[in-house]
Amino acid sequence: MSFLLAIEKEFALLSTEQRYAGLSGCGLNTADGYLVNHTPSVGAVFQTDAGALGHVAYVSAVNTTNGDWTISEMNAKGLNVVDTRVFRPSSARFYSFIHDKAKSGL
């Protein structure tokens with residue numbers, strides 16, 4: 001099962017209130033076998049508590065030359081709008097990244 005499918009499966013088990021709180025409120029953490037840190041990597045889930053409901057996205061690229069990282073997201077610019085954003089390495093400390101259990105070493 002892919003990492004994103006595993007996240008979706010766990011998300012489906014949440015109450016309605018937890019779903020509206022986003023992944024920030026669902027308790028996915030190291031106790032569940034996920035590595036959660038402030039280091040973006042391709043395939044990780046980007047998570048922030050900013051805004052009324054928080055936000056999640058998929059880290060689609062990390063530039064190994066300058067450290068810039070890119071997310072693919074939906075609904076940030078409008079309902080059902082898919083887009084990408086590029087961040088500088090220094091901004092990673094403000095966000096959480098949930099990494100695949102298989103890559104966490106736990």
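**Close-ups of a predicted model**

View 1. Threonine 70 has valine 86 as its bridge partner in β5. This is a predicted model, so to speak: local features need pLDDT of at least 70, side-chain atom pairs count only at pLDDT 80 or more, and totals for chains, interfaces and linings use all residues. Residues are numbered from 1 along each chain as its sequence is written, and side-chain values use heavy atoms, with hydrogens and water left out. β4 and β5 (residues 82-87) run antiparallel, joined by 6 bridges. Strands here are DSSP runs of E, at least two residues long, and helices are runs of H or I, at least four, numbered from the N terminus; two strands pair if DSSP finds at least two bridges between them.

**View 2. The β3-β4 hairpin.** β3 (residues 55-62) and β4 (residues 69-74) pair in the antiparallel sense, over 4 bridges. The hairpin has 6 residues between the strands, and glycine 67 takes a positive phi near 85°.

**View 3. Aspartate 68 in its loop.** Look between β3 and β4 and you'll find aspartate 68 in the loop. Aspartate 68 counts as buried because its relative accessibility is 15%, and buried means under 20% (exposed is over 50%, partly exposed in between, with a 1.4 Å probe and protein chains only). Beyond residues up to four places away in sequence, aspartate 68 touches several residues, including Ala61, Val86 and Arg88; contact means heavy atoms within 4.5 Å.
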